[in-house]
Amino acid sequence: MDASTNVQSDTGVPTGAPPYRRSIVLTRTFDAPRALMWKMWTDPVHLAQWFGPQLFINHTVSVELRVGGAMKLTMRGPQGSEHPMIAVFREITAPERLVFTNNAVDEKGGLLLEGMTTVSFAEVGGKTKVTLETTATGTAEITKFMLGGMKDGWTQSFDKLAAYLPSADDDVTFTLTRTFDAPRALVWNAWTEAEALVHWWGPKGFKMKSVKLDLRAGGTFHYGMETPQGQTMWGIFVFREIVKPERIVWVNSFADEKGGITRHPMAADWPLEMLNTVTLSEDGDKTVLALRGQCDR
């Protein structure tokens, strides 16, 4: 999808002594309808795919979409460093405007910078013009340094969003989000232990007959299920990424008894492979599970 960008920097007026206030403004027009762009910013499954600088991966994402609710992310850098972020929503006007805090803290939780970000979505002939303004208040040194990093980070995020949109707009992509009243470690075990998977994986009324699990990137989960009519159906995961206890990425297919990939036994036009991503985020003592499934048309 096409995207054009306009960047304005340092729109605020510095006051010299603390508090020192400055802003950056970025605009970009995305070749996508506004309803889809709104979803990109408010659905944790989609946010995980594009938010943050290049080479950074989001392994925990949750969104409580209400005024006073929080958007929480933990980004992992290319060298493995962790970068948590908590933003609190101050204004939500769907599908036109989001306002949220973007404070920066030190490693001990001390406040380094107070920030506020406003994102506006405008329809432009079937496309969406996104205008983002981030205002920061702090010492002159910290404010200049942090805003420079924010401008680069947001610009790269917009690049990733533009690249992600074609697959996000695919009509064979689906997303599910559910909060479980259980700690994340327990939910992780339910997804990664054969003894747990036999009790819940598969449609209601199906009985798991065979399970072989090799939990590693490149490993497989090969299983056989008995339908209520007594037929046996086989399936297989091929794991692409496993980040304990936050993220699992795998390709899911129907299979035969030996693990060979097959077509759906009752639907010949069913996709041969489905790419799935599950992310697990902590919300107090509960766990927010976000699942995204995608396949070719």
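Predicted model: local features only at pLDDT ≥ 70, side-chain atom pairs only at ≥ 80, totals over all residues.
View 1. Helices (H or I, at least four residues) and strands (E, at least two) are DSSP runs, numbered from the N terminus. Of the 297 residues, 43% count as buried, where buried stands for under 20% relative accessible area, exposed for over 50%, and partly exposed for values in between (1.4 Å probe, protein chains only). The accessible surface comes to about 15300 Å², with 52% of it belonging to carbon and sulfur atoms; such areas come from the Shrake-Rupley method with a 1.4 Å probe, and for residues only the protein chains shown count as cover. Among contacts (heavy atoms within 4.5 Å) between residues at least 6 apart in sequence, 48% join residues at least 24 apart.

**View 2. Aromatic pairs, of which the structure holds 21.** Rings of Phe, Tyr and Trp (its six-membered ring) pair if their centres lie within 6.5 Å, and planes under 30 degrees apart count as stacked, over 60 as edge-to-face and the rest as tilted. Trp154 and Phe158 form an edge-to-face pair, with 6.5 Å centre to centre and 65° between the planes. Both residues lie in helix 3 (residues 140-168), 4 residues apart, about one turn of the helix, and both are buried. Trp200 and Trp201 also form an edge-to-face pair, at 5.6 Å centre to centre and 80° between the planes. Trp200 counts as partly exposed because its relative accessibility is 34%, whereas Trp201, at 18%, counts as buried.

**View 3. Thr135 in strand 9 (residues 127-138).** Thr135 is buried, with a relative accessible area of 12%. Its side chain makes a polar contact with the side chain of Ser23 at 2.7 Å; a polar contact is a pair of N or O atoms within 3.5 Å, and within protein one must be able to donate a hydrogen and the other to accept it, while residues adjacent in sequence count only if both atoms are side-chain atoms. Not counting residues up to four places away in sequence, Thr135 touches Arg21, Arg22, Ser23, Glu114, Gly115 and Met116.

**View 4. Ala168 in helix 3.** With a relative accessibility of 9%, Ala168 counts as buried. Leaving aside residues up to four places away in sequence, Ala168 touches Leu36, Met40, His46 and Arg292. The C-alpha atoms of Ala168 and Lys39 are separated by 9.7 Å, although these residues are 129 residues apart along the chain.

**View 5. Helix 1 (residues 34-42), mostly covered.** Of its 9 residues, 7 are buried, namely Arg34, Leu36, Met37, Trp38, Met40, Trp41 and Thr42.

**View 6. The buried residues of helix 4 (residues 184-192).** Arg184, Val187, Trp188, Trp191 and Thr192 are buried in this helix. They lie on the same side of helix 4 because they cover an arc of only 125° around the axis, the arc being that of the directions from the helix axis to the C-beta atoms.

Key
Residues numbered from 1 in each chain as written. Heavy atoms only, no water.
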